[in-house]
Amino acid sequence: MIELPPTVLQIILNFSIGLIVTVSLNIEVGFLNLPQFGRLLAVLTGAIVAAAVPGRILAAYMGLPWGADYAYHLYNFGIVAQINNMLCENPGLSLGILVFTLMLAALVGGAVGYLCAYPALRLKEAYLGITLLAFGELLMTIAWNYDPLVGGTMGVWVVDPFRFVGAGGTRFTFAALFIFMVAIVVYVYAELLARSPFGRVLKAVRDAEVAASVYGKDIVKIRTQTLIIGGSIAAVAGALWAFFTGSMKAATYTRLTWTFWPWAFMMLGGIGNNLGILVGVFLYTISRTAIILYKGSISAIIPIDPEWLEYIMIGLVIVAVVLFRPQGIIPEKPTLALPKQRLKAVLEELGKEK
Amino acid sequence: MMSTLGVDLILFGFLNVFSDYLLRVHRLPAKYFIFETRDIAVSLGPTSIRLVGLVAPLVLVLVVVLLHLFLTKTKLGISMRAAIENPELASLSGINPELTYAIAWLIGGALAGLSGGLLTLVVTGYTAAGMTMVVSFFAGSIVGGLYSIYGALLGGFLVGVGEYLGVSAIATLVGGWIYAYRPAIPLLVMAITLLVQPRGLAILWGGRR
């Protein structure tokens, strides 16, 4: 099988994961104007599902310890190594486990979104934003300290459903391409959602809540559904990330990476517009990879860690976008209810009648 | 909120750049600061506490009194409240809302800096200290309600007491493992309060809705 160079892999991976998370954020923030500052919550849920569930199922199937012992760091490595050896031999089982886990992550992420709907229907703006942010931190604290779940501070190894294609570069190429595929599916789904009647209802509620409810739209139901959709997509991203990295440590999931960066991607590209998000994520991924790639040569010239340049860059972009182009690179356009051709035909017909 | 974060990220980046520069060029240990041991101990009757334990509450009282006087007695403070309440009406009566917002930011930044100065005497100072602690500060301000000084006072008090005294109280009941979850306590306090009182506790004594 083909092997891609690590830099290309890095770009594909960061782009795909960033795209999935940002698209899910955009469905909630861009289409419905919910102050979702707790994207971390759903992403972390997905990662926990991927780290805790498939390994335990396979361990129980193989007759290995699967209870609290599974997450104990001294046993975990051995157990996961045995499971991975078994998965190498069974491509079908590997793919099955992969798909099953992603579906389970989506389900649990959706449930988390549903739970978030309880405060989301009661609190307003900043109160809601900070409550959601706090929920994410809460889950992180629990996962970090409660060892039997995902190993606490020691973390756990995640079973590797990509290993059957081969070790090393082949595995990473396959995994990155698989994640890229999922990202494309998610993107197409979000685009279809934006064009669907449901997407137009979301934008109607966002722009004029009272008017929408006058027309008989159930605001409570719409908000709940949106949170469920966003939560499940973000959880899939978390599960994919955990599978790709092969290990799971709660503290590596920070609100900066999984909440604020997607916000920055979204603001740069254009809030409420899927194409804009694609562009925003792509630009960020390229510039971040460039910084990482030239890390050595940057720190040779100026005596600092280039990591901070990344922070400064993202901060500057956020401030610049807010100041000079609040609508983003590609502003949101009203979506058409029918294909353009048909609308034109209808217009012509109307013109003839007159 | 996002533009605040953008500024925060820029400042954070430059702070780290500066500390890296000090460390690598001048060989100064600029990553961690421990001032706790440098603090003066003050003997108070039978016990002795560190000076910051006296200074911090005094500063708090001073700040609250000054803010109260500023917001209720001075022209600028009243116009600030007016600009937040109804910007259009305020600008009709000759208040420049943009200027008052800028001044509010100035005061907010100054008070945050003041608290940071006191904080380094209590915890180890490092560049990401603010980033890790900011969530419980958010929690404190939200619990009290965003439009009231006394709400903030009560919120900060509740969250702080919950985080330290509350945890020790719970620990005597359920055991020491709870200490690991200490950062989660203020968040829990906040979540519960908001679900009962969605606009913060300041509503209880007639704060702004």
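**The whole model**

Begin with everything displayed, and keep in mind that this is a predicted model. Its overall scores are ipTM 0.79 and pTM 0.85. Now colour chain B by pLDDT: the mean is 80 for this chain, and 96% of its residues reach 70 or more.

**Where chain A touches chain B**

Next, display both chains and look at the region where they meet. Here, 30 residues of chain A are in contact with 32 residues of chain B. To find the chain A side, select α5 (125–145), α11 (255–269) and α14 (307–324) of chain A, the elements that each give two or more residues to it. Which of these elements contributes the largest share? Select α5(A): twelve residues of the side that touches chain B come from this helix. Colouring the chain A side by residue class shows 22 nonpolar, five polar and three charged residues.

**The domains of chain B**

Six residues of domain 2 are in contact with four residues of domain 3. On the domain 2 side, select α2 (51–73) and β4 (125–126) of chain B, the elements that give two or more residues to this contact. Of the domain 2 side, α2(B) gives the most, with three residues. The residues on that side comprise four nonpolar and two polar, with no charged residue.

**A pair of helices in chain B**

Finally, select helix α6 (residues 129–144) and helix α8 (residues 184–196) of chain B. Two packed helices are described by the angle between their axes and the distance between the axes. For α6(B) and α8(B), the angle is about 25° and the axes are 9 Å apart. Why is this pair called roughly parallel? The reason is the angle: values under 35 degrees count as roughly parallel, so α6(B) is roughly parallel to α8(B). The crossing of α6(B) past α8(B) is left-handed.

Show the side chains where the two helices meet:

- In α6(B), select Val135(B), Ser136(B), Ala139(B), Gly140(B), Ile142(B) and Val143(B).
- In α8(B), select Pro186(B), Leu187(B), Val189(B), Met190(B), Thr193(B) and Leu194(B).

Colour these residues by class: nine are nonpolar, three are polar and none is charged.

Conventions:
Residues are numbered from 1 along each chain as its sequence is written. Chains are lettered from A and ligands numbered from 1 in the order in which they are written. Axes are lines fitted to C-alpha atoms, for helices over the stretch in contact, and angles run from 0 to 180 degrees between N-to-C directions. Helices (H or I, at least four residues) and strands (E, at least two) are DSSP runs, numbered from the N terminus. Angles under 35 degrees count as roughly parallel, over 145 as roughly antiparallel, 65 to 115 as roughly perpendicular and the rest as oblique. A crossing is left-handed if the near helix is turned anticlockwise from the far one by less than a right angle, and right-handed if clockwise. Two residues are in contact if their C-beta atoms, placed from the backbone, lie within 7 Å. Ala, Val, Leu, Ile, Met, Phe, Trp, Tyr, Cys and Pro count as nonpolar, Asp, Glu, Lys and Arg as charged, and the others, Gly among them, as polar. pLDDT is the predictor's confidence in each residue, from 0 to 100.
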